[in-house]
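Welcome! Here is a short briefing to read alongside the sequence and the 3D view.

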Amino acid sequence: MFEDIIGWIILAVIIVVVIGLILWVVGIYNRFYSLKNASEATLGQIRVAMKKRLDMIDQLLGAVKSYAKFEQETFTKVTAMRSAVATAGPGDLNKVEAESRSIFGRLLAVAENYPELKTSQTVSSLMDSVKNLEDEISRHRYTYNNISQEFNTMMDTIPSKFVGGMTHLTKLEYLQFEEEIKTPPKIEF
């Protein structure tokens with residue numbers, strides 16, 4: 001009788017430990033997908049903000065067009081970048097970011113060369129809006145990279161590394177936008 005009770009107690013302890021382990025693994029798995037979903041949502045916000053910025057740059061190009069002759073290539077690039085942003089992954093967003101910053105830098109240089117353009121309410125308002133979007137994109141990038149860091153840390157540490165490996169998860173790519181344009185824009189008229 002006493003041996004039966006001990007047998008049942010051992011079985012109950014084993015069942016509780018197994019259930020505990022299963023719940024723990026499920027918790028790790030849920031955390032991975034919570035972070036993955038948060039990163040995708042943040043990337044979506046970055047895409048929206050970058051598309052807005054590219055739309056505004058396109059409007060700026062239209063306003064500046066009457067003052068300076070920009071190459072057709074610039075207009076084509078902005079249009080291509082706007083369509084690419086919708087499906088861009090982190091690596092592609094890095095490229096679009098660098099290109100759009102370069103174009104915006106050239107627009108700023110043109111505005112500096114034309115005082116009457118600089119004082120235009122439309123151009124001034126659009127430039128302020130683009131600069132505000134720069135801040136918004138920076139905030140979203142910071143959030144995305146923090147989420148990616150937490151996700152990637154889980155992928156590198158035990159025991160979550162094993163759960164990530166069993167579910168075939170891969171590390172998230174960081175967004176590494178340039179903070180400044182490294183070379184001054186080249187303006188040719």
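A polar contact is a pair of N or O atoms within 3.5 Å; within protein, one must be able to donate a hydrogen and the other to accept it, and residues adjacent in sequence count only if both atoms are side-chain atoms. This is a predicted model, where local features need pLDDT of at least 70, side-chain atom pairs count only at pLDDT 80 or more, and totals for chains, interfaces and linings use all residues. Residues are numbered from 1 along each chain as its sequence is written, and side-chain values use heavy atoms, leaving out hydrogens and water.

**Around Asn145**
- Asn145 sits in helix H5 (residues 121–156), a helix being a DSSP run (H or I) of at least four residues, numbered from the N terminus.
- With a relative accessible area of 17%, Asn145 is buried (buried is under 20%, exposed over 50%, partly exposed in between; 1.4 Å probe, protein chains only).
- A polar atom of the Asn145 side chain lies 2.8 Å from the backbone oxygen of Leu175.
- Leaving aside residues up to four places away in sequence, Asn145 touches Tyr174 and Leu175 (contact means heavy atoms within 4.5 Å).

**Helix H1**
- Val13 belongs to helix H1.
- Val13 counts as partly exposed because its relative accessibility is 47%.

**Backbone features**
- Ile158 and Pro159 are joined by a cis peptide bond, with omega about 10°.
- Pro159 is placed in the loop between H5 and helix H6 (160–166).
- His168, found in the segment after H6, has a positive phi of about 60° although it is not a glycine.
- His168 counts as exposed, at 70% relative accessibility.

Technical notes
Helix = DSSP H or I, 4+ residues; strand = E, 2+ residues; numbered from the N terminus.
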